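I opened this notebook to record what I looked up in the structure. The entries follow the order in which I consulted the model.

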Amino acid sequence: MATPNREQSTYGKTNLIDDVTASTQGYSRRQVAEIVDATLKAITDKVRSGQNVTVTGFGTFRRTEHAARRGANIRTRLPINIPAHSTVRFTPGSELKAAVSGRTAPRRSDQGVQQRERGQSSTRR
């Protein structure tokens with residue numbers, strides 16, 4: 001069974017830089033590339049140091065630790081030791097999930113207005 005995303009073309013960093021350059025005025029492609037690179041480096045550095053990076057509405061990047069464990073070599077089926085390691089996780093935000101699923105996500109400011117209209121307090125007691 002094929003993965004649906006593998007059938008689609010890849011959208012890479014170059015495409016992102018081109019699209020951001022096209023949608024902004026007054027910034028050259030080189031300036032946008034420097035901004036994208038600096039943003040990705042900042043996210044990488046913070047996650048590497050153990051901090052969570054949350055881009056509101058888009059998602060959260062976080063570092064996770066995996067303990068050392070015993071596994072099996074899939075070719076020989078002999079037991080092997082898998083060392084402890086770190087990896088990064090991404091949890092999508094509500095606006096990204098809504099955009100991917102084709103629905104609109106209520107904005108945080110709209111949620112507060114809706115709660116007040118229904119007579120609900122926006123603070124927990």
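Entry 1, strand pairing. I looked up Thr 54 and found that its bridge partner in strand 2 is Thr 60. The model is predicted: local features need pLDDT of at least 70, side-chain atom pairs count only at pLDDT 80 or more, and totals for chains, interfaces and linings use all residues. Residues are numbered from 1 along each chain as its sequence is written, and side-chain values use heavy atoms, with hydrogens and water left out. I noted that strand 1 pairs with strand 2 (residues 59-66) in the antiparallel sense over 3 bridges. Two strands count as paired if DSSP finds at least two bridges between them. Strands are DSSP runs of E with at least two residues, helices are runs of H or I with at least four, and both are numbered from the N terminus.

I traced an open sheet of 3 strands in the order 1-2-5, with antiparallel pairing. Strand 1 (53-55) and strand 5 stand at the edges; each has a single partner strand, so one side of each is left without a neighbour in the sheet. From one strand to the next, the twist averages 25°. Helix 2 (residues 29-48) lies across strand 1, strand 2 and strand 5 and runs at about 40° to strand 2. For such angles, axes are lines fitted to C-alpha atoms, for helices over the stretch in contact, and the values run from 0 to 180 degrees between N-to-C directions.

I located Phe 90 in strand 5 (residues 85-92). Is Phe 90 buried or partly exposed? It is partly exposed, because its relative accessible area is 34%, where buried means under 20%, exposed over 50% and partly exposed in between (1.4 Å probe, protein chains only). Together with Val 55 and Phe 58, Phe 90 makes a nonpolar surface patch of about 230 Å².

I found Thr 21 in helix 1 (residues 13-23). Thr 21 is buried, with a relative accessible area of 19%. Neighbours within four places in sequence aside, Thr 21 is in contact (heavy atoms within 4.5 Å) with Tyr 27, Ser 28, Arg 29 and Val 32.

Entry 5, the whole chain. I counted 4 helices and 5 strands in the protein chain, and from the N terminus on the elements run α-α-β-β-β-β-β-α-α. Of its 125 residues, 13% count as buried.

Terms used
Patches are made of residues with over 30% relative accessible area and no salt bridge: like charges are joined within 9 Å, nonpolar side chains (Val, Leu, Ile, Met, Phe, Trp, Tyr) within 5 Å. Accessible areas come from the Shrake-Rupley method with a 1.4 Å probe; for residues, only the protein chains shown count as cover. A salt bridge is a side-chain nitrogen of Lys or Arg within 4 Å of a carboxyl oxygen of Asp or Glu.
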